[in-house]
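This report covers helix packing and core residues in one model. The sequence and coordinates follow.

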Amino acid sequence: MDKAFLFAIASGEDREGPIPKADVVAGIRSDDTEFAGAIYDIVTIDKLSTRIDPPLTDVELESLVTEYFERCILTDPKGERTLTRYGAAWEAQDCILQTWESEGGSSESFTRWKKWMEKLYRAGDEGIKRAIVDGILEHLFEKKGLRQSFADWKADSELKTAYDEAQLWADTQPKRRTKF
């Protein structure tokens with residue numbers, strides 16, 4: 001794997017050639033969080049991700065992204081290229097919202113994201129739980145229709161706390177006005 005080539009591409013240098021899929025997968029799983037952050041940039045910037053050869057499937061991309069977000073949420077790395085705990089939570093929230101808006105709350109992808117959040121919340125310490133609630137759920141719950149996709153959390157003694165906190169926050173936010 002040519003780390004210098006991949007860092008250069010992620011940094012916006014004009015380098016030609018395909019980006020090997022195997023290098024992308026190995027890079028995002030690398031112990032080097034800065035390198036993993038550079039690879040995350042490659043897979044999420046359209047003009048770069050189209051150069052991955054062979055292309056990542058949507059499921060492969062989702063898997064790599066959730067793996068990267070999970071590492072960032074669990075370890076809260078500090079660096080120039082990597083996401084912090086809350087940075088990863090906010091990015092995850094955006095991915096979940098896009099999935100819900102394009103595929104709905106019963107899609108396989110949405111279900112995987114929801115299970116991923118549940119796993120992190122249940123296993124996490126207070127800092128991780130706060131990131132899940134404050135960085136993801138609260139903002140998702142601003143969309144009342146999306147909130148219904150988490151109704152099963154209300155029946156679970158541990159997840160109910162997260163649901164209630166996110167609902168309270170979302171319900172107390174000023175309503176945004178749309179300008180036409």
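## Nonpolar core

Within the largest nonpolar core, which has 51 residues, the members that touch the most other members are I42, F69, W116, M117, I136, L140 and F150. A nonpolar core here is a set of buried Ala, Val, Leu, Ile, Met, Phe, Trp, Tyr and Cys residues joined through side-chain atoms within 4.5 Å. At least two residues of this core come from each of α1 (3-10), α2 (21-28), α3 (33-44), α5 (58-75), α6, α7, α8 (126-140) and α10 (157-171). Helices are DSSP runs (H or I, at least four residues), numbered from the N terminus.

This is a predicted model, in which local features need pLDDT of at least 70 and side-chain atom pairs count only at pLDDT 80 or more, while totals for chains, interfaces and linings use all residues. Residues are numbered from 1 along each chain as its sequence is written, and side-chain values use heavy atoms, with hydrogens and water left out.

## Helices α6 and α7

The axes of α6 (residues 85-103) and α7 (residues 108-123) come within 9 Å and cross at roughly 150°. Axes are lines fitted to C-alpha atoms over the stretch in contact, with angles from 0 to 180 degrees between N-to-C directions. α6 is therefore roughly antiparallel to α7 (angles over 145 degrees). Their crossing is left-handed, that is, the near helix is turned anticlockwise from the far one by less than a right angle.

On the α6 side the contact (heavy atoms within 4.5 Å) is made by A92, C95, I96, T99, W100 and E103, and on the α7 side by S109, F110, W113, W116 and M117. By class, eight of these residues are nonpolar, two polar and one charged. Nonpolar means Ala, Val, Leu, Ile, Met, Phe, Trp, Tyr, Cys and Pro, charged means Asp, Glu, Lys and Arg, and the others, Gly among them, are polar.

## Helices α8 and α10

The α8 and α10 axes also come within 9 Å, crossing at roughly 50°.

K129, R130, V133, L137, E138 and H139 of α8 meet E158, A162, E165, A166, W169 and A170 of α10. The contact has six nonpolar, one polar and five charged residues.

Q93 lies in α6 and is buried, at 13% relative accessible area (the cut-off is under 20%, with a 1.4 Å probe and protein chains only). Leaving out residues up to four places away in sequence, Q93 touches G135, I136, H139 and L140. Its C-alpha is 7.4 Å from that of L137, 44 residues away in sequence.

With the same exclusion, I136 touches A89, A92, Q93, I96, W116, M117 and A131.

Terms used
Parallel < 35°, antiparallel > 145°, perpendicular 65-115°, else oblique. Buried < 20%, exposed > 50% of the residue type's maximum accessible area, 1.4 Å probe, protein only.
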